[in-house]
Amino acid sequence: MKFTVENPDEKRSPYTGMTREHWISISHFFLEGIFEHVEKLEDPIVVLRHETKVSYPQPDGPKWRIAAERFEGLARSFLIAAPLLHNEPEAAAGGYSLKEYYSKQILLSVTPGTPNYLLRVEEIFPEAQEGEMAFQHTCECASLVIGLSMCREVIWENYAKEERDRIADYLSNFGHSYTGHHNWRLFNMLILAFLDREGYPVDHGMMRDHAAAILSYYAGDGWYRDGHLFDYYCPWAFHVYGPLWNQWYGYEKEPYMAAKIEEYSNRLVETFHRMFDEEGHVTMWGRSGIYRSAASAPLAANFLLKNPAADPGLARRIASGAVLQFATREECFYEGVPCLGFYGPFQPLIQTYSCAASPFWIANAFVCLALPEDHPFWTDTERNGVWEEMKEREVRTTVLDGPGIVVDNHKDTGITEFRTAKVLMKKDNPSLNTYSRLSFNSQFLWEDFDFKGIEAMQYSVTYDGRPKSLIPNILMYGGVKDGVLYRKEYFEFEFTFQNKASIDLADFPVADGIVRVDRTRIPDKPYTLTLGSYGMPDVDRSGVDVRIRTDQVTGAKAILLKSSEGQMAMVIYGGFDDIEIMSRQGVSAVTKQSCIMYGVSRRRKYYEYLPYAMISVILTKKSQEEWRDEDLFPIRSISYADKEKCGAYGPIVLEMKDGRTVTVDYEGLEGRLHI
């Protein structure tokens, strides 16, 4: 199962061929797969599961989670169906009238005594765990009101008053209840805004409290901190639900807060498009990557505001490129619906709050179909932003101090990398694998941690006598100075830095990748420290070609990998004893087998003066073109402040083959760190 763009419009959409008609077609495509699982009109949407260890419902779980699974199937699929019904009121899927199906299912779901009834807050509480007060239903109620608003004239207006009152009473039950102290406040805001707009009573003080809390999460550069982290929840929640709330409630009743929501959205779209690669593709990053192309949604949602700042042709290009990234790949689907994974099924990406219907939240991007046919989003010619502006071999770097994200667009390769910070998690948090990385790459995805000593795009330290290796669980932001990003990470951080192993991080981009000049601060010995490259998936099982090269001038050693996915190289200049390669099983989001390169450094004595500076380069590209020497070995010479050339103190100066001189100096870093 995969989507094909029939009769592409290459004049209006030279990059994707996608028009508004194609978006309507892709809506039909997703819904046909979903309705393969509906046998009769009374049936809820419950899709087949390919994974049962992490996702819900679990056999020993509470009964309300079974209701939540049905609610996700209903509400999230409705987010695809509703904009389609707005454009095609008589649309069908699987032989069913969508108008008839959703009209019936919504009523059954809120009516006690029916087999499809989804329960109210007071009926869920007896099964709740100790301290549990917010439930998945709140999220799905928000999706429900978005859908009801998008096709208001098709479904909501055709209910009898008693039926609307029944639905409103159910929505109010969750809208006025306890919620999570993060993006979930937006769910309650939308529920209450919908009710208010339809003439039902709401607690306006509660609404104001929620909205004020959302504004308080703002960190700068268009980014909110979602509870405690920065990830795609900022764009696909804050910058989609915020503009909707402005339309329904904020502009009229909370103009100050609505103006801030608009201001922050416009600030985001100034740079957010740079987080997508040359093909408009999303990078796998952060929890809930199963929502995939939802990351593009704020670019379209920006046009729901009174004074949008997004570029219409660029916004459509990215939205279309992102949805095609997944819809055109057969491995993304399991039994007709998007699987729990990024491309194929991938258990390390699944959260305990995920069910088989959760990926339907890709529908956030379908907010674009709420824009009329003559809107510039649909009529403007596709543009490709910075990718059209850059010169050959240029790297366009965008620094976002607010969230601590630095984005690099590589013109030569079409790849986008971003380097993140402001990460703090418990050392055993199962989502650590989605955040604790030195960089993320649009072509080569992060691989799962196995705590065996070698990890993708991260340092790992193993102490003698300890069975598991350690992964950094705090990554602090030190800012960018003279083109160099400074960060610091600690292993096993709990409540103090004292006695904890850490690494000072410094890196900057080159044409095809990133140069690293890091400094170890590991007090305990003996240890083995490794730094892994990105993983190279062996997609077609033909093997990964491996070659080794050496720079005759600097003595730097490189390992090169080539597969059908492209090429990768890792080069070590100093601080490492050697560079090696190994095959791995079951850690890649793309295929079962992959390869990884890694530098290794071994220390035995507690106190000895050996190299502290770990200098390396990791390069990636999609093509099969051979590496040029000046690209593979971009450093001409390295100068140290200490006579032993260990880099324990003082600046390190790199003469680059592209003519630059880059100075790495950690002085004062401790005072600049942010989390």
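Mentor: Buried means under 20% relative accessible area, exposed means over 50%, and partly exposed is in between. Keep in mind that this is a predicted model.

Trainee: Is Arg628 buried, partly exposed or exposed?
Mentor: The relative accessible area of Arg628 is 38%.

Trainee: Which residue does Arg628 meet in a salt bridge?
Mentor: Side chains of opposite charge can pair when their charged atoms come close. For Arg628 the N to O distance is 3.8 Å, and a salt bridge requires a separation within 4 Å.

Trainee: How far apart are the closest N and O atoms of Asp658 and Arg660?
Mentor: Asp658 has a relative accessible area of 48% and is therefore partly exposed. Arg660, at 32%, is partly exposed as well. The two form a salt bridge, with the closest N and O atoms apart by 3.0 Å.

Trainee: How many salt bridges does the count come to?
Mentor: One of them joins the side chains of Lys500 and Glu494 at 3.8 Å, N to O. Salt bridges also link Asp408, Arg419, Arg487, Asp507, Arg516 and Asp518 in a network. By the 4 Å rule, the count comes to 52.

Trainee: What is the nearest side chain of opposite charge to Glu489?
Mentor: Glu489 lies in strand β14, residues 484-491. Glu489 is buried and has no salt bridge. The nearest side chain of opposite charge is 6.7 Å away, while the rule asks for a nitrogen within 4 Å of a carboxyl oxygen. That side chain belongs to Arg516.

Trainee: Which side chain joins that of Glu489 in a polar contact of 3.2 Å?
Mentor: Leaving aside neighbours within four places in sequence, Glu489 is in contact with several residues, among them Leu438, Tyr459, Pro472, Ile503 and Leu505. The list also includes the residue asked for. The polar contact of 3.2 Å is with Gln458.

Trainee: What is the order of the strands in the open sheet of 4 strands?
Mentor: Strands of a sheet pair through backbone hydrogen bonds, either parallel or antiparallel. Here the pairing is antiparallel. The edge strands, each pairing on one side only, are β7 (395-400) and β11 (440-441). The order is β7-β8-β9-β11.

Trainee: Which residue in the turn between β8 and β9 has a positive phi?
Mentor: β8 (405-410) and β9 (415-420) pair in the antiparallel sense over 6 bridges. Ile405 stands opposite Thr420, and the bridge partner of Val406 is Arg419. The two strands form a hairpin with 4 residues between them, and the positive phi, about 75 degrees, belongs to Gly414.

Trainee: What is the bridge partner of Phe418 in β11?
Mentor: β9 is mostly covered, with 6 of its 6 residues buried. Both faces are covered: Ile415, Glu417 and Arg419 on one side, Thr416, Phe418 and Thr420 on the other. β9 and β11 run antiparallel and are joined by 2 bridges. In β11, the partner of Phe418 is Phe440.

Trainee: How far apart are the end C-alpha atoms of helix α5?
Mentor: Helix α5 has 15 residues, 136-150, and at 1.5 Å a residue should span 21 Å. Of its 15 residues, 15 are buried, so α5 is largely enclosed by the rest of the structure.

Definitions and conventions: Residues are numbered from 1 along each chain as its sequence is written. This is a predicted model: local features need pLDDT of at least 70, side-chain atom pairs count only at pLDDT 80 or more; totals for chains, interfaces and linings use all residues. Side-chain values use heavy atoms; hydrogens and water are left out. The expected span of a helix is 1.5 Å times one less than its number of residues. Buried means under 20% relative accessible area, exposed over 50%, partly exposed in between (1.4 Å probe, protein chains only). Two strands pair if DSSP finds at least two bridges between them. Lys and Arg count as positive and Asp and Glu as negative; His and the chain ends are not counted. A polar contact is a pair of N or O atoms within 3.5 Å; within protein, one must be able to donate a hydrogen and the other to accept it, and residues adjacent in sequence count only if both atoms are side-chain atoms. Contact means heavy atoms within 4.5 Å.
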